[in-house]
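Welcome! Take a moment to look over the sequence and the structure below, and then we can walk through a few of the features together.

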Amino acid sequence: QLQLVESGGGLVQPGGSLRLSCTASGSTGSIFSIKTMAWYRQAPGKQRESVAAITSSGSTNYADSVSGRFTISRDNAKNTVYLQMSSLKPEDTAVYYCNADVVHYGGFSLAYWGQGTQVTVSS
């Protein structure tokens with residue numbers, strides 16, 4: 001079974017930086033390709049929101065709230081997506097989730113979610 005495993009969350013002071021990683025693990029031999037990979041976040045009492053996304057060809061888009069501060073990238077050979085977060089603000093505090101649209105051999109596609117990693121921005 002395929003899983004997305006996230007890492008890199010933690011506690012950081014305002015203005016600081018963190019780098020999140022998310023890697024597909026498990027039955028990776030079943031992967032034909034991974035289309036869009038993305039990061040979402042959910043703050044307490046709020047709905048999950050899109051933060052950034054990147055296509056297999058490297059096209060990116062960002063939420064207005066993080067544009068210019070966050071950078072999404074991916075390593076297709078490692079089935080990994082990254083989120084470099086800089087100039088962090090207390091309002092960036094949330095659980096961050098990665099998401100991947102995976103095309104499996106056999107032609108079927110599934111969307112996968114990571115388990116979430118906590119990012120807390122506080123002094």
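Predicted model: local features only at pLDDT ≥ 70, side-chain atom pairs only at ≥ 80, totals over all residues.

## Arg41 and its partners

Asp92 also meets Arg41 in a salt bridge, at 2.9 Å from N to O. Arg41 belongs to strand S4 (residues 31–42) and Asp92 to the loop between S8 and strand S9 (94–104), so their contact ties together parts that are 51 residues apart in sequence.

Arg41 forms a salt bridge with Glu49 as well, and here the closest N and O atoms are 2.7 Å apart. Arg41 is buried, at 6% relative accessible area, whereas Glu49 is partly exposed, at 35%. For Asp92, the relative accessible area is 0%. The model has three salt bridges.

## An open sheet

Now for the strands. Four of them make up an open sheet, ordered S1-S3-S8-S7, with antiparallel pairing. Strand S1 (2–7) and strand S7 (70–75) are at the edges with a single partner strand each, so one side of each has no neighbour in the sheet. From one strand to the next, the twist averages 15°.

S7 pairs with strand S8 (residues 80–85) in the antiparallel sense over six bridges. Within this pairing, Ile72 stands opposite Leu83 in S8.

Notes:
Residues numbered from 1 in each chain as written. Heavy atoms only, no water. Pairing = 2+ DSSP bridges. Helix = DSSP H or I, 4+ residues; strand = E, 2+ residues; numbered from the N terminus. Axes fitted to C-alpha atoms, helices over the stretch in contact; angles between N-to-C directions. Salt bridge = Lys/Arg side-chain N within 4 Å of Asp/Glu carboxyl O. Buried < 20%, exposed > 50% of the residue type's maximum accessible area, 1.4 Å probe, protein only.
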